[in-house]
Amino acid sequence: MSKADRASGSSDLALSGIDKTYGSIRAVVALDLHIEAGALVALLGPSGCGKTTTLRMVAGFERPDSGEIRIGGEDVTHTPSHRRGLGMVFQNYSLFPHRTVAENIAFGLRMVGASRAEQQSEVARMLDMIRLGGREDMYPAQLSGGQQQRVALARSLVVNPRVLLLDEPLGALDRSLRESMQFEIRELQQRMGITTLLVTHDQEEALSMSDRVAVMNAGQILQIGAPSEIYDRPKTRFVAEFLGTSNIFEGRIEDGALLAGRHRVALPPHDGASAPVLSVRPERIVLGPDAERCDTHLKGTISGAVFRGTYAAYQLRVAGLGCDVFVYRQADGPLGAITYRIGEEHWLGWNAEDGVLVTAE
């Protein structure tokens, strides 16, 4: 089989009305998702939210109870996994330990009957693409974790899949290597223009690698959008709190402001019917004398202070507010320096447009 016969080009992926139940547990509920050709979408959510079950149904390892899965307009809901034109990368790499790097990459080509010459040509191309030239005769145990992950990625891509599935692909790597691999996978995916579905519980991974993020919980997609949109404009309390840290203020709306405890908090423009739950990201809050000029300004006492590399995180107690406030402040002194000390009293504040009204769920 020639490369021209195998290659079908990147295709869009569409899931419509997907349901999956295990006994009394509804793992996926009426799920709709469309990934445009060449885009990377991340399914993000906690363990048990249904994201892996969704991926397994796309892969053909599980069959939905109802609904339809289409790849490039073709209904593949009941098509066997090996005939869907997919590539898949797992968290544990799943490389053959007794085969060399070249043999691992060529495995899929052998299965579809590619000639020896084509196998050699395509393996060489992929080795150059993943920057592992000269290591084709090594075995997986002789490679680092990041190198093994690159080989697993090359093995999936060499067969020119219509859709690439990434199942927690970086979970086994340490933090620094995980960050570098995020860039590598994203760059490779964009260069090849391959439609990709990424499943992860890592918020940073989803935000940094994706064109769009779909936040899942209890088998449903709660919100989908560009990473910046999902982070800056969450629609629900769950999305706001799962996708990074968020200060949540609850109370009742009175004369256009939120009455939270004994304090009046300025609100962004709203229709009056919005739920009285306000989300404010820690990095949006001003700490120090400048806070007095903000729409909402409160006095709090530093109860916690930790250094996190490029910024310091502070926890403040505000009398009569009913909750602590978390503030992130970019490092403005020597590395490791903490500007504000525990027990000190300071102003904190934010402007109305820095907050987002969210639903209580």
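A cavity, as the word is used here, is a set of grid points where a 1.4 Å probe fits but cannot get out. Keep that in mind as we walk through this predicted model. Searching the whole structure turns up two cavities of 30 Å³ or more.

Let's start with the largest cavity, which has a volume of about 80 Å³. Its lining is made up of M129, I130, R131, R150, L153, M181, E184, I185, E187, L188 and R191. Two elements give two or more residues to that lining, namely α5 (145-157) and α6 (175-192). Helix α6 supplies the largest share, with six residues. What classes of residue line the largest cavity? Six are nonpolar and five are charged, with no polar ones.

Now for the second largest cavity, at about 30 Å³. Around it you'll find L153, L157, L164, I185, L188, Q189, M192 and I194. Once again α5 and α6 turn up, each supplying at least two residues of the lining, and α6 gives the largest share with four. This lining splits into seven nonpolar residues, one polar and no charged.

Next, something open: a pocket. The second largest pocket has a volume of about 200 Å³. To find it in your viewer, pick out R175, Q203, E204, L207, Y231, L243 and G244, which line it. Helix α7 (residues 203-209) makes the largest contribution to that lining, with three residues. By class, the pocket lining comes to three nonpolar, two polar and two charged residues.

Finally, have a look at how two helices pack. Helix α3 (residues 101-111) and helix α4 (residues 116-129) have axes that come within 9 Å and cross at roughly 125°. Why is α3 called oblique to α4? Angles of 65 to 115 degrees count as roughly perpendicular and those over 145 as roughly antiparallel, so an angle between those two ranges is oblique, and that is how α3 sits against α4. The crossing of α3 past α4 is right-handed. On the α3 side, the residues in contact are V101, A102, I105, A106, L109 and R110, and they meet Q119, E122, V123, M126 and L127 of α4. Sorted by class, this contact has eight nonpolar residues, one polar and two charged.

Terms used
Residues numbered from 1 in each chain as written. Predicted model: local features only at pLDDT ≥ 70, side-chain atom pairs only at ≥ 80, totals over all residues. Heavy atoms only, no water. 1 Å grid on protein atoms, 1.4 Å probe; cavity = no way out; pocket = protein on both sides within 12 Å on 5 of 7 lines; lining within 4 Å. Points joined across faces, edges and corners; volume = space filled by probe spheres on them. Nonpolar A, V, L, I, M, F, W, Y, C, P; charged D, E, K, R; others polar. Axes fitted to C-alpha atoms, helices over the stretch in contact; angles between N-to-C directions. Parallel < 35°, antiparallel > 145°, perpendicular 65-115°, else oblique. Left-handed = near helix turned anticlockwise from the far one by under 90°. Contact = heavy atoms within 4.5 Å.
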